[in-house]
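Welcome to my notebook. I opened a new structure today and jotted down what I looked up, one entry at a time.

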Amino acid sequence: MPDSLSPAAARRVLLAAQGFGARPTTAGTRQLNLLLGRLRLLQLDSVNVFDRSHYLPVLARLGVYDKTLLDRLTFARRSAYTEQWAHEAAIVPVADWPLFAWRREAFRAKHADWLRDNAATLAWLRSELAEKGPLTSGALQDEESARSTPWWGWSSTKQGLEMLFRSGDLAIAGRTRFQRLYAPAETVIPPDLLETQVDRTDAVRELVRRSAAALGIGTVGDLADYYRLYVDDTKRAVRDLVDAGELREVAVPGWPARAYLHRDARIPRRIEAAALLSPFDPIVWDRDRALRMFGFHYRIEIYTPAPKRRFGYYTLPVLVDEALVGRVDLKSDRQRGVLRVQSAWREGDAAVTTVDRVALAVRDATGWQGLPEIEVVGRGDLARELAAELGVPLLDPPDAAAA
């Protein structure tokens, strides 16, 4: 392995480790499991303007697939996957449950006073779930409303469930209509995993090992961010993994810190890909790393007031081969059967020569959503070329039409 890598080679390492470059001819259960084994987690988010964020990394890497297959894998009872606070709320293998015990213990210690002060209500929640099986917070709220106790409200119900989930008393037994189904941990997590004890040092080392395999290459900060670990803990784990020969220290020109290359990382000669990335895809969820590795300045503008948005409400970075060439703001209008490209922007000059690949990614997304039509609004410096490539008229932006 080399002692240094060019920035371009580092990008290829990351993209290959993340599963880009060789889409399978089919995307069935086996391919989904292999991808989840590679990524180790899928971040969850409730925004559904185009589609739920955890579906999109799979589309980006495997191409068009059946979302119900992913739902069966991840949200079914007795699944091989569950939810944990990993990189934010995320789907992770149920086998990883012991690796987060130290985080659950730290949460219990931090909120010990609250847990003690609300012991009676928490006991009621545990009792209801033990008796009636997995329930959503809404169902439990209905139960409590029937008791007509004025001291309990929806926010308290949700807060109590989340406290019990984050402390490990409850686990998530799937979702229904994207609402969590809460259940006693012992009814979701196999007994051997519940009983497995992994101390913090060993658990962090294992999580850093998994971060390094999922990223291929990264700084200490990159490796810490994948599971939101403390940097000091990550530094110690990295030293152990370097000593064990699992990581190799390398220099990447222009990077502000030394990088660490996983021993199994591939350095392909090229990457071929055309994909739309979720704002919560591992490639771009660390905005500073996206800027460092791809020269791509990215901020999601969901919480930005509309008049101050530059690119759009839910812009997706567009990956073509080894570059982020632009961004598109997508909305699935399911009532009208239309995928609406609300804006399309190029990044530098790259998207000018790759507009056909951008259009291919948009077409794939349209078919995957089961929408028969595409609309392109004339907002953004790539919109006109994209509409022409897709063979659809360019629509006036709403503000222009109003004027």
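Predicted model: local features only at pLDDT ≥ 70, side-chain atom pairs only at ≥ 80, totals over all residues.

**Entry 1**

I began with Lys158, which forms a salt bridge with Glu162, their closest N and O atoms being 3.6 Å apart. Lys158 has a relative accessible area of 24%, so I noted it as partly exposed. Glu162 comes out at 14%, which means it counts as buried.

**Entry 2: pairs that reach along the chain**

How many salt bridges does a search of the whole structure find? I got 34. One that I looked up joins Arg126 to Asp169, with 3.8 Å between the closest N and O atoms. This pair links distant parts of the chain, 43 residues apart: Arg126 is in helix α7 (residues 119–132), and Asp169 is in the loop between α9 and β4. Arg126 is partly exposed at 34% relative accessibility, and Asp169 is partly exposed too, at 32%.

Next I turned to Arg209 and Glu246, whose side chains meet in a salt bridge of 2.6 Å, N to O. Arg209 belongs to helix α11 and Glu246 to the loop between α13 and β7, so the pair ties together parts 37 residues apart in sequence. I found Arg209 partly exposed, with a relative accessible area of 23%, whereas Glu246 is buried at 12%. Both belong to a network of salt bridges that also links Arg40, Asp96, Glu206 and Arg210.

**Entry 3**

In which order do the strands of the open sheet of 3 strands come? I read β6-β8-β7, with antiparallel pairing. β6 (217–218) and β7 (247–250) are the edge strands, and each has a single partner, so one side of each has no neighbour in the sheet. I noted 4 bridges between β7 and β8 (residues 259–262). Val250 stands opposite Ala259 in β8. Helix α11 (residues 200–215) lies across β6, β7 and β8, and runs at about 80° to β8.

**Entry 4: a length check on α16**

Helix α16 (residues 355–368) has 14 residues; at 1.5 Å a residue it should span 20 Å, and its end C-alpha atoms are 20 Å apart, which agrees. I listed buried residues in α16, among them Val355, Val358, Ala361 and Trp368. Just after α16, I saw that Gly370 takes a positive phi of about 70°.

Notes:
Residues numbered from 1 in each chain as written. Heavy atoms only, no water. Pairing = 2+ DSSP bridges. Helix = DSSP H or I, 4+ residues; strand = E, 2+ residues; numbered from the N terminus. Contact = heavy atoms within 4.5 Å. Axes fitted to C-alpha atoms, helices over the stretch in contact; angles between N-to-C directions. Expected span 1.5 Å × (residues − 1). Buried < 20%, exposed > 50% of the residue type's maximum accessible area, 1.4 Å probe, protein only. Salt bridge = Lys/Arg side-chain N within 4 Å of Asp/Glu carboxyl O.
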